[in-house]
Each structure stands twice: as C-alpha cells, then as structure tokens.
Amino acid sequence: MIKPFKIDIPDKELQNIYTKVKNYPWQSMPNVDHWDYGTSHKYLKEICDYWVKDFDWRIHEELINSFSNFKTNVDEIDLHFIKEVGSGDNPKPLLLMHGWPGSIVEFLEIIKPLAHPEKFGGKIEDAFTVIAPSLPGFGFSGSSNKPIGPRKIAKILNKLMTEKLNYKNYFAQGGDWGATIANWLGYDHYKNCKAIHINCLTMRLPNGPQTEEEKKWLIKFDQDQIIQDGYRTQQATKPQSLSYAMMDSPVGIAGWIIEKMHGWSDLKNDNIESVYSKDTLIKNIMV
C-alpha cells in the first residue's frame, strides 16, 4: 500500500533543536578558524547563529510538501519518496538516489526541470517521471534494525519501482552512496533497470588495475584518500558509537556534515557559501 505523506515536524521538536544549538558550549571548543583539522570553528559558530536567529524550517518544509510525497513499506522498511509525474504521453521513469551526507534536498531544484522540460527550454518528449526516495535510514524513511549495504538497498529500491509503482523498466541516477546503489541496480536488476548514470566512481574492476596508467591512478587515488579515510572507517566499522553523539547534538551533526560539504565541493577561495547558501546547508542537516 502506498500512502500520501506530509512533513509536519512538531513545534516542540523544532524548539528542542534550536535550544540545543543556542546552548552549545562554544567556549569548550578549540577556536580553530581554518578547515585543516575539520570544520572551521568560526564558520560553524556563524552558521549556528544564523540557524537560531534567521533560519525558518517551515519555509523549507512547505517546499518539500509542494511535491507529492508518499510512504510505502518494502522489506519491512517504510520508504519515503517524492513522485513527480512527467509531462507528455510517455515520460520515462527515473529513480534519483542521493548519497551521504545528502538527502532529497539535493533534488528539489532539478525535479521539475526533469519532469517538465518543456517549461525550462527543453522538449516534452524528454520528460521523466521522477521518483526520489529517502534512502533507508535517511531523512523521512525508516531504517533497518541492523546495517544493510548498497546491494540490499538496490534490491529494495528495485522492488519499489517494479512491485509498488509498477514500472517494469526504468532508469537510475545516483551520486556517492546512490552511485553504488545504481551500480548494483544495473548489475543485479538489469532486466528492469535499463540504464544508469553515476557521478561518483565507487566500484572497480574485480581484478584490479590492468594498465600502467590505471595502476598509477590507483596509487595516487589511495594517497589522496589517506586524509579522508577517518570518517569512512568510523562509519563502516563502529557506526553505533558515533550515532549516540549525532542523535543528541545538532551542532555535532552539523560539524560532521558541513566538513564533507566543504571538502567535496568546488569552492571559490575556500568559501563554502560560494556553492551552498546557509539555508541549503541547514535544510539538509535538519532533514
């Protein structure tokens, strides 16, 4: 069964978040203004001040609710998804999958251009019916009682598309974690998933690099990743320990997420707001 879903976070829950942000003990943190050791103290304090004084969750809640939101149960997980039916007589089903530390917020500005290209200078015959789920354990979807990997999530999302939404053929796009899921959709569920588009190379040849050029690339890649591997090792091995702090501290989860948004984006002059507004960052953190 698929049920309509509307986001309506209680005022009490919002106030609890704002109170924790407002009362964060900044004096206990090292006052490090650069990003070399993680999220800049100066910037995190600045965005948290904005969070409690100027950010209005209800505006962003209304934007998400302006799309058709639904929930359905697949393999005992309540999946939330946005569905925007495309224009024309034959819009092609397209599954959009976010990654970490993202959410459906990544897609809010591209759903309508994909679904209704004729309104944005495109051709109506290029329209997609867009399905954008919150991945299991993210945002407004439920989570498993034990860790599940991208191959299992691919199976769940294929069931969403084929059994719940009755699309026997569809396309898939993903970035980060979503890219890995897209790879498994293309590999395990090729009878239904007819094409994938990824913007993150997450899977390699099973036998390793084959040419000298590929070997040099892998060595450089591994060297580049040394400084990045801390978060990945933590989340891949002891996620439960991290979860206690993330669940209790809005500022803590902001620091954890913003550092990656800073490190993985094409910034101008090392300025995170050359790519993201404060509202976009906080909206994603709130979700």
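Pro101 sits in the loop that links strand 4 to helix 4; helices (H or I, at least four residues) and strands (E, at least two) are DSSP runs numbered from the N terminus. The peptide bond leading from Trp100 into Pro101 is cis, with omega near 5 degrees. As a rule, most residues other than glycine have a negative phi, and most peptide bonds are trans.

Before I continue, a word on the basis of these remarks. This is a predicted model, in which local features need pLDDT of at least 70 and side-chain atom pairs count only at pLDDT 80 or more, while totals for chains, interfaces and linings use all residues. Residues are numbered from 1 along each chain as its sequence is written, and side-chain values use heavy atoms, with hydrogens and water left out.

Asp176, in the loop between strand 6 (170-174) and helix 6, has a phi near 60 degrees, a positive value in a residue other than glycine. Asp176 counts as partly exposed because its relative accessibility is 27%; buried means under 20% relative accessible area, exposed over 50%, and partly exposed in between, with a 1.4 Å probe and protein chains only. Asp270 lies in the loop between helix 10 and helix 11. Its phi is also positive, near 60 degrees, and Asp270 is not a glycine. With a relative accessible area of 46%, Asp270 is partly exposed.

I turn now to helix packing. Two packed helices are described by the angle between their axes and the distance between the axes.

How do helix 5 and helix 6 cross, and at roughly what angle? The axes of helix 5 and helix 6 (residues 177-188) come within 8 Å and cross at roughly 70 degrees. Helix 5 is therefore roughly perpendicular to helix 6. Here axes are lines fitted to C-alpha atoms, for helices over the stretch in contact, and angles run from 0 to 180 degrees between N-to-C directions. Angles under 35 degrees count as roughly parallel, over 145 as roughly antiparallel, 65 to 115 as roughly perpendicular and the rest as oblique. The crossing of helix 5 and helix 6 is right-handed; a crossing is right-handed if the near helix is turned clockwise from the far one by less than a right angle, and left-handed if anticlockwise.

Helix 5 brings Pro150, Arg151, Ile153, Ala154, Leu157 and Asn158 to this contact, and helix 6 brings Trp177, Thr180, Ile181, Trp184, Leu185, Tyr187 and Asp188, where contact means heavy atoms within 4.5 Å. By class, the contact of helix 5 with helix 6 has 9 nonpolar, 2 polar and 2 charged residues. In this scheme Ala, Val, Leu, Ile, Met, Phe, Trp, Tyr, Cys and Pro are nonpolar, Asp, Glu, Lys and Arg are charged, and the others, Gly among them, are polar.

Ile153 belongs to helix 5 (residues 150-164). Is Ile153 buried or exposed? Ile153 is buried, because its relative accessible area is 2%. Not counting residues up to four places away in sequence, Ile153 touches Leu135, Pro136, Ile148, Trp177 and Ile181.

The second pair is helix 2 with helix 10. Their axes are 11 Å apart, and the two pack at an angle of about 125 degrees. Helix 2 is thus oblique to helix 10. The crossing of helix 2 and helix 10 is again a right-handed one. Tyr43, Leu44, Ile47, Cys48 and Trp51 of helix 2 meet Pro250, Val251, Ala254, Gly255 and Ile258 of helix 10. The contact of helix 2 with helix 10 has 9 nonpolar, 1 polar and no charged residues.

Which residues have the most contacts inside the largest nonpolar core? They are Trp51, Trp57 and Ile258, in a core of 41 residues. A nonpolar core is a set of buried Ala, Val, Leu, Ile, Met, Phe, Trp, Tyr and Cys residues joined through side-chain atoms within 4.5 Å. Among the elements giving two or more residues to this core are helix 1 (11-22), helix 2 (41-53), helix 3 (57-65), helix 10 (250-263) and helix 11 (278-286). Apart from it lies another core, of 26 residues, among them Met97, Ile156, Leu157 and Tyr231.

Trp57 is in contact with Ile7, Ile9, Leu14, Tyr18, Ile64, Lys283, Met286 and Val287, leaving aside neighbours within four places in sequence. Helix 11 is mostly covered, with 7 of its 9 residues buried. The cover over those buried residues includes helix 1, helix 2, helix 3 and helix 10.
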